[in-house]
Structures are given as structure tokens and as C-alpha cells.
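Here is a short walk through one structure. Keep the sequence and the 3D view at hand.

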Amino acid sequence: MSGRQNDRGPRVRMGHMGVAEKAKDFKGTWVNLINYCRKYIPVIVFSLIIAAAGTVLTIIGPDQIGKMTNEIQKVIAPLMAAGQMVNVDLSEVGRIGMLLVILYGASAVLNFVQGYIMATITQKIGRNMRTGISQKINKLPLKYFDKVSFGDILSRVTNDVDTIGQTMNQSIGALVTSITMFFGSAVMMFYNNWLMALTAIGASILGFVLMILIMGKSQKFFMRQQKDLGAVNGHVEEVYSGHNVVRVYNGEKEAGRFFDEVNNRLYDSGWKSQFISGLMMPIMMFIGNLGYVAVCVVGAALAMNGTIQFGVIAAFMIYIRLFTQPLSQLAQAFQNLQRTAAAGERVFEFFNEEEMEDESGKTKELADIKGEIEFRNVRFGYDPEKTIIHDFSSKFEAGTKIAIVGPTGAGKTTIVNLLMRFYELDSGDILIDGIPSTGVRRDNVQEQFGMVLQDTWLFEGTIKENIIYCKKGVTDEQVVETCKAVGLDHFISTLPKGYDTVLNDKTTLSQGQKQLVTIARAMIQNAPMTILDEATSSVDTRTEHLVQEAMSNLTKGRTSFVIAHRLSTIKNADIILVLNKGDIVESGTHKELLEKGGFYAELYNSQFENAS
């Protein structure tokens, strides 16, 4: 809203400053995630059991391959030693081969089912999280958005939630299969030959040590990466939503400099996290190859001594791969878990933000409101240390047109914010028809007002949809009559599709036409009170006349509050409140205040002096 920023002081710069520093709690964040997903836990556990079962079937395979190799060796070895022709009986080999087909086929089916279940569940969790964030936004007080950038909030909805979903879909299943593969391979290796199993495990211990050390160093970089990503999103959203202002004030260099700053921070944290992540694969490959060589050497020695059969070596050459491969998968999965912990911390930090007071227990309602307003000893400050409104008291009869004027930072828009209960009072009361507004629900208070702001907000939809906006039971005839009342019907009739014309980037409306649409929107709501906050400040003089006429129709018979810098636009107000530093310094009609020759007269005359 216009003026609010000056009332409360400069806004925190959008970007990285919006996220508060806090301790990284990997365990606590995952506890929160598990609690959040608790209704899906049985299905997730079932899915993971399926994944483990599929992995077990895969682990049995090499042992059967070893048996097949031994069966072939039993026939080939004696015959080759005697120099005879080899004629292998394939019946046992075929039986083992068919068993392998069944094992690997069943494993593939189980893995497919597990993937389907986890993809479904994680998408539901992601949807619920985005819905929860959307609902949370509606429960947060406006003061939260004074300190956190919109881009950072969007980053939590998109990047952080997507990170959580991807990890739960891929990494948790990979974690279970890797652990099952790791310990299952170890058990099967000991089952075949304990000495070769110890050889394989001994060669892999180094991989464990390196993995633990790298994981311990990487968490802080993943947390920084998520925060820096939010900072970049916040800055980009800020700059490109106001790119016209940036270009007009030649702010491209400053915007580019700040973008380079946050982008470099993202590069630094992203590079470090990805570099550490990238170290895992070559290290694990080296460990795997080292184990492979060790098993081959020891197995060859044991086979030459007659301790084992050649089939054991064949099985171990597969098992050593199955044993060392999960190390890299585990490392990658743990890194994804760390990244998810960083993303989850930001999401749950948002969920844990202080909400507006729950008002579901309030049963009193504003109904059939006449529009009598009273401010009684109102005191308020956006910050506890900085009071904006000191002791505001005034009473207005129903149907009164009240103009609020004063220099920038006087508290004009703050009065409106308090009237609409966008912020809560520090002390005092605002009464509507004698009922304290704090005694009824916020939505009940806010539906009593129609509001037209300086910044015109239109969404992508038809003109009719933009005018009706959430109002139920509005007929086409009412929309047309409203547009005629604000002087918009003729323009709309010139459009190819009339009221069904879609407003988007291809439909160009002037600022005045946009303002008339918002006035029509306020009029169609038919609220007993209206608020006009700098509604004509961004239009030219000719358009201002049209907007003023439309606003006169809008405020007719309604209690209305008008905030205006152009004092010439509020001459016909029933009462003008002159604010300065949060206090009413003068009040009266335009004529009375000019005759008094006080602060209002100075403001009014200064406009003409500046114009000349």
C-alpha cells in the first residue's frame, strides 16, 4: 500500500537477508518430516520392505551363478584332464538358469511396484506441503511479509518442497536397497568363504572412513546452498517485477552488482557441496576396484590350494561389486538427506512462524452495518520501539466521507491498515456500529469494506471475472450496470469479446482503465464502507476526472475513507483529518481548514507553489 513503507521505516532488502540464521538440526528436521508424513508411514514402510525383498532376490543371484559354474566345472575338469571331448549335461545348468530368471524377474517387478508407490506418496506429500504453505500464508500477519521477501517464500514452495519430494522418492528407497545390498552381500560372502569375505571388507573400510569424514563436512554447504538459492530467487523476483523502475532509475548496474553478489555466493556454496558430492564416486570406484583385485588374488590362492571351488571366485567377483557399489549409493543418499534436511528446515521454519490469533471461537458478527466508525485512544507501532499512532480518537457518522491527509509518514495508510485489521492495535479500540472490531473475526471485519488502492491488481482472466472476483450470485446485468456507473462500459463494448475479453500480456489497458476496473470491483462487492487509498495518484488529470466521478458513485451513501496527496481531490469531503507524526493536528471541512490558515492550508497552498 502506498505510504505504509514510510510509516514503518525502510523495508529489509529482498534476498538473503530475509532468512534468519539458525542452528542446523539434521536429526530434528527429519523427526519433523517423519511426523509430517506419519499418515503415509505404513505405506512407505511397505514400499521399503518391497524394495528390500527385491534386493534380497538380487543378492541370491550370484550364489546361484557360482553353483552353475561349479556344475560346469565338475564335468569339464575331469574330461579336460583326460584329454577327452567335453559333453556337458545342461539339465542342472538349465534349472539354475531358470531359477536366476525367476529371481531377477521377481526383483524387477518388486522394484517397479516400490517405485510406483513411492512416486505416488511423495507427490501427495509435496502437494500437501505446498497446500500447507499456501494456507500458512493466509494465517500469517502482514508484519511477517515486512521482513521476508516474496521470492524467498516462493523458493520454499518450489525449490525446497521439490528437493524434499525428490529425496523421498529416490534417496530413501536407494538408502534401503543399498543397506540391504551391503549387509546382504556381506552375509552371502561369509556364507561362501569367511577369509575372502574378510578380505573384501578390509579393503572397503577405507571407503567407510572417507564417507563419514566427507559427510561431516558437507552439511553446512548444502544448507548454505538452499539459503543462497532462496536469496537469488528473491532478488530476481524483486528486480523483474519492478524492471521498469530499475531501468528508469538506471539501476541495472546496481541490480547486476547485487545479483552477482548473491549469485557468487550460490556458486561458492553450490560448488563446494557438489564438489564434495562428486568426490564420493571416484573414491568409491577406487575402493571397489581395490576390493576386486584383493578378492581375485586371495581367491586364486585358495583355489590353487583346493580350499574353494572356482564357482566361489565367480560369485565373489559379483559380490564384491554388490558390496562396494552401495557405498557410493549410501554416500549420495546421505548427501541428499542432508540437502533435504536443509530444505526441510526452511519449510518447517516457515510452518512454525507465529500466526495470527485463532478467531474461530468468536461468534459475534457484523451484520446490516450502517457504517458508524469510532477510533478510541488508538495506539500503534509497526515496531514496539517505534510508535506511529500515539493517541488517535475520532468518531464518524454513517455515510460520512472522511479524507485523511498529511505529509509522507504521518500515518495515513496506517489508520486504514488498523481499520481493516491488517495489524493489531497496541492499545485502544476501533468500533464499527458500536462493536469493537477485535471482538469479531477479521474476515467479518474486512468484508464490510470495499477497497481501491493506488496499485491496481488484475489477474489473468476475463474482465467480468476481474470485476466479480469471489463475489457470489452476481448477474451479467449487475456487472454491466456497475461498469456503466463507473464509465467503463463504453470502452469494454469496443473490445472484440466485450466483458469476456481475457486480461493478459496481450491486452493493453491504460492505468486509468485498470483503476476503473478496480473501482467496479469494489462497487460490485456492495460493502457498507469503502476505502480509497491514493486511487488517483497514478493517473493523468483528464483520467483523474473520470476516476473521481466513478469514485463518487462508489462512495455514495457509504461511509468512506479517502487518502489523497492531491488535496484538490478531497474538497467535497464531509470532514478532513489532518495527520502529522501520528496525531490529528486539525479537522474540519476544506473551507474551514483554509480559513483557519493552519497546517492544512500550508499543505494545500504548497501544492500550487510547487506547480508554479
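What follows covers nonpolar cores and then aromatic rings. The model is predicted.

Start with the largest nonpolar core. This core has 38 residues. Ile-467, Ile-519, Ile-570, Ile-576 and Tyr-600 touch the most other members. Several elements give two or more residues to this core: strand S3 (401-405), H13, H14, helix H16 (511-525), helix H17 (541-555), strand S11 (575-580) and helix H19 (599-611). H16 gives the most, with seven residues. In soluble globular proteins, nonpolar side chains tend to be buried together.

Now look at Tyr-600. Leaving aside residues up to four places away in sequence, Tyr-600 touches Val-405, Leu-567, Ile-570, Ile-576, Val-578, Glu-586, His-590, Leu-593 and Leu-594.

Turn to the rings. The structure holds 16 aromatic pairs. One of them joins Trp-457 and Tyr-469. The ring centres are 5.5 Å apart and the planes stand at 70 degrees, so this pair is edge-to-face. Trp-457 lies in the loop between strand S6 (449-453) and strand S7 (461-462). Tyr-469 lies in the loop between helix H13 (463-468) and helix H14 (476-486). The pair therefore ties together parts that are 12 residues apart in sequence.

Both rings belong to partly exposed residues. Trp-457 has a relative accessible area of 45%, and Tyr-469 has 35%.

Elsewhere, ring pairs link Phe-375, Phe-392, Phe-396 and Phe-561 into a cluster.

Methods. Residues numbered from 1 in each chain as written. Predicted model: local features only at pLDDT ≥ 70, side-chain atom pairs only at ≥ 80, totals over all residues. Heavy atoms only, no water. Phe/Tyr/Trp six-rings, centres within 6.5 Å; stacked < 30°, edge-to-face > 60°. Helix = DSSP H or I, 4+ residues; strand = E, 2+ residues; numbered from the N terminus. Buried < 20%, exposed > 50% of the residue type's maximum accessible area, 1.4 Å probe, protein only. Core = buried A, V, L, I, M, F, W, Y, C linked by side-chain atoms within 4.5 Å. Contact = heavy atoms within 4.5 Å.
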